Amino acid sequence: MAVLPIRIMGDPVLHAPAAAVEEVTEEVRQLVADMFETMDAAPGVGLAAPQVGVGLRIYTYTYEDDEGQPWRGVIINPDLWMRPLEPGAPDPDEESEGCLSFPGERFALRRSERVRVTGIDLDGAPVQLEVDGWRARIMQHEFDHLDGILYIDRLDDSDWKTVQKIARKRGWGRPGQSWTPGIDDLDA
């Protein structure tokens with residue numbers, strides 16, 4: 001397994017829809033193993049294949065609930081259904097999220113409280129998850145990556161302007177920018 005470089009906003013693979021996985025091959029299995037290694041090293045709660053430069057519809061996730069129970073897996077070729085969003089502005093304390101492809105920053109973003117995700121696992125077996133709360137947020141965030149959407153793309157105008165200032169200051173927003181967990185110090 002290897003820790004892979006994580007692409008930063010502006011890299012074309014992050015802003016384009018990913019392709020379906022036609023077959024779970026040894027290369028796909030190795031990619032998923034490397035994605036888990038990279039996600040854990042970052043550390044993050046999710047990682048989509050485009051974030052490591054691979055335009056395939058795959059994401060990994062990990063989360064420890066309030067009781068300390070681990071929740072971890074991979075979904076290949078996911079479909080996502082969600083409840084409509086509750087109206088109103090997001091709560092910055094309860095609805096703030098970050099992204100390994102815009103490291104070191106967090107912004108409030110309203111997400112659906114409950115989702116259902118279907119897809120397949122590494123054995124080609126069907127996966128169906130129905131989750132709410134933070135787990136639903138993780139699923140929506142990672143699914144967005146597969147459609148070429150970063151969470152910062154969903155922010156309101158005020159936060160979007162802040163994002164642009166941060167990106168300019170750090171030299172982000174253009175192809176070829178990445179960071180490697182354990183090597184680069186970006187406070188992600």
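Here is a short chat about the sheet, helices and salt bridges of this predicted model.

Q: Hi! What is the strand order in the open sheet?
A: Hello! The order is β2-β3-β4-β7-β8, five strands with antiparallel pairing.

Q: And which strands sit at the edges?
A: Those are β2 (46-48) and β8 (126-132), and each of them pairs on one side only.

Q: How many bridges join β2 to β3?
A: Three bridges join β2 to β3 (residues 58-64), and the two run antiparallel. In this pairing, A48 stands opposite Y59 in β3.

Q: Okay, helices now. Which strands does α1 lie across?
A: Helix α1 (residues 26-41) lies across β2, β3 and β4 (70-82), at about 40 degrees to β3. Helix α2 (residues 133-146) packs on the sheet too, touching β2, β3, β4, β7 (114-120) and β8.

Q: Switching topic: how many salt bridges are there?
A: The count comes to 14 salt bridges.

Q: Nice. What does R111 meet in a salt bridge?
A: The side chain of R111 meets that of D144, at 2.9 Å from N to O. R111 is in the loop between β6 (102-108) and β7, while D144 is in helix α2, 33 residues apart.

Q: Is D144 buried or exposed?
A: D144 counts as buried because its relative accessible area is 6%, under the 20% cut-off.

Q: What about R154, where is that?
A: R154 is in the loop between α2 and α3 (157-170). Its side chain also forms a salt bridge with D144, at 2.7 Å, and R154 is partly exposed at 43%.

Q: So which residues make up the network?
A: E97, R111, R137, D144 and R154 are linked by salt bridges.

Note on methods: Residues numbered from 1 in each chain as written. Predicted model: local features only at pLDDT ≥ 70, side-chain atom pairs only at ≥ 80, totals over all residues. Heavy atoms only, no water. Pairing = 2+ DSSP bridges. Helix = DSSP H or I, 4+ residues; strand = E, 2+ residues; numbered from the N terminus. Contact = heavy atoms within 4.5 Å. Axes fitted to C-alpha atoms, helices over the stretch in contact; angles between N-to-C directions. Salt bridge = Lys/Arg side-chain N within 4 Å of Asp/Glu carboxyl O. Buried < 20%, exposed > 50% of the residue type's maximum accessible area, 1.4 Å probe, protein only.
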